[in-house]
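The sequence and model are shown first.

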Amino acid sequence: TRQRLALGFEDAAVGSILGPSFAEDAVPAAIATLVDVYLHHRQADENFAAAVIRLGAAPFKRALYPNA
């Protein structure tokens with residue numbers, strides 16, 4: 001089974017699909033990568049949603065798909 005990852009929030013109508021799907025067993029590592037990007041780029045007291053809005057999807061995509 002393959003899974004697609006999206007960045008979206010409870011107040012967003014549609015999440016932003018980040019790219020090609022991942023094998024089901026690779027999803028936890030992909031989520032950890034997203035969290036690592038957030039922790040590296042966040043500003044003081046900034047939550048994940050605010051960081052994604054400020055940064056856009058690009059740094060998350062680059063981390064997930066470094067050879068794209």
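How many salt bridges does the structure hold? The structure holds one salt bridge, a term for a side-chain nitrogen of Lys or Arg within 4 Å of a carboxyl oxygen of Asp or Glu.

## Basis

The model is predicted: local features need pLDDT of at least 70, side-chain atom pairs count only at pLDDT 80 or more, and totals for chains, interfaces and linings use all residues. Residues are numbered from 1 along each chain as its sequence is written, and side-chain values use heavy atoms, with hydrogens and water left out.

## Salt bridge

Arg-54 pairs with Glu-46, their closest N and O atoms being 2.9 Å apart. Glu-46 is buried because its relative accessible area is 11%, whereas Arg-54, at 38%, counts as partly exposed. Buried means under 20% relative accessible area, exposed over 50%, and partly exposed in between (1.4 Å probe, protein chains only).

## Nonpolar core

A nonpolar core is a set of buried Ala, Val, Leu, Ile, Met, Phe, Trp, Tyr and Cys residues joined through side-chain atoms within 4.5 Å. The largest one has 15 residues, and those with the most contacts inside it include Phe-22 and Leu-34. Helix 1, helix 2 (48-55) and helix 3 (58-64) each give two or more residues to this core; helix 1 gives the most, with five. Helices are DSSP runs (H or I, at least four residues), numbered from the N terminus.

Leu-34 touches Leu-5, Leu-7, Leu-18, Phe-48, Phe-60 and Leu-64 (heavy atoms within 4.5 Å), not counting residues up to four places away in sequence.

## Ile-31

Ile-31 lies in helix 1 (residues 27-41). Ile-31 counts as partly exposed because its relative accessibility is 41%.
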